[in-house]
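Hi,

Here is the structure I promised to pass on. Have a look at it first, and my notes on what turned up are below.

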Amino acid sequence: MASGGGVDFEDLLPMMATKLGGEGLIKELCNGFELLMDKEKGVITLESLRSNAAAVLGIEDMKEDELVSMMREGDIDGDGYLSQMEFCVLMFRLSPELMEESWFLIEQALQNHDDELVSNNNKNKSNSSIS
């Protein structure tokens with residue numbers, strides 16, 4: 001169980017990512033966004049989150065300050081709403097396991113890049129000493 005803003009939830013994103021793959025997970029997040037969004041505005045508003053959180057997320061007793069906190073945390077551009085991209089980023093940020101895995105993959109890619117640079121540098125030195 002993870003805890004976000006006083007609300008306990010089971011972090012299901014890693015399991016979904018494993019089962020659905022990257023594209024499938026993004027598709028499911030987009031579906032979740034559409035269920036929570038204000039249909040007229042095309043974004044998640046505090047009101048649409050408030051009215052849909054219980055039905056969609058199964059969180060009946062989420063407090064107003066928790067909803068406001070969730071909106072603030074996800075609202076990257078500061079317009080008071082969550083766009084689809086902001087919602088997806090927020091879901092990843094709320095999943096500690098996915099964040100850890102993402103950092104591991106970034107570190108691994110950087111290490112591979114560094115190893116490749118060293119290898120190329122050694123080849124260049126070797127070639128220049130032959131010339």
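Let me begin with the contacts. If you take those between residues at least 6 apart in sequence, 40% join residues at least 24 apart. Do keep in mind that this is a predicted model.

Now the overall layout. The chain has five helices and two strands, and along the sequence they come in the order β-β-α-α-α-α-α. Of its 131 residues, 27% count as buried. The chain exposes about 9,100 Å², with carbon and sulfur atoms supplying 55% of that area.

There is an annotation to go with it. The UniProt record, an unreviewed entry, marks residues 62–97 as "domain: EF-hand".

How many aromatic pairs does a search of the whole structure find? The answer is one. The partners are F33 and F87, with 6.0 Å from centre to centre and 55° between the planes. That makes the pair tilted, because only planes under 30 degrees apart count as stacked and only those over 60 as edge-to-face.

The pair also links distant parts of the chain. F33 belongs to helix 1 (residues 13–36) and F87 to helix 4 (residues 84–93), which puts the two 54 residues apart. Are these two buried or exposed? Both F33 and F87 are buried.

Happy to talk it over whenever you like.

Cheers

Terms used: Residues numbered from 1 in each chain as written. Predicted model: local features only at pLDDT ≥ 70, side-chain atom pairs only at ≥ 80, totals over all residues. Heavy atoms only, no water. UniProt positions renumbered as here; feature names shortened; annotations may be inferred. Helix = DSSP H or I, 4+ residues; strand = E, 2+ residues; numbered from the N terminus. Buried < 20%, exposed > 50% of the residue type's maximum accessible area, 1.4 Å probe, protein only. Contact = heavy atoms within 4.5 Å. Areas by Shrake-Rupley, 256 points an atom, 1.4 Å probe, with all protein chains shown as cover. Phe/Tyr/Trp six-rings, centres within 6.5 Å; stacked < 30°, edge-to-face > 60°.
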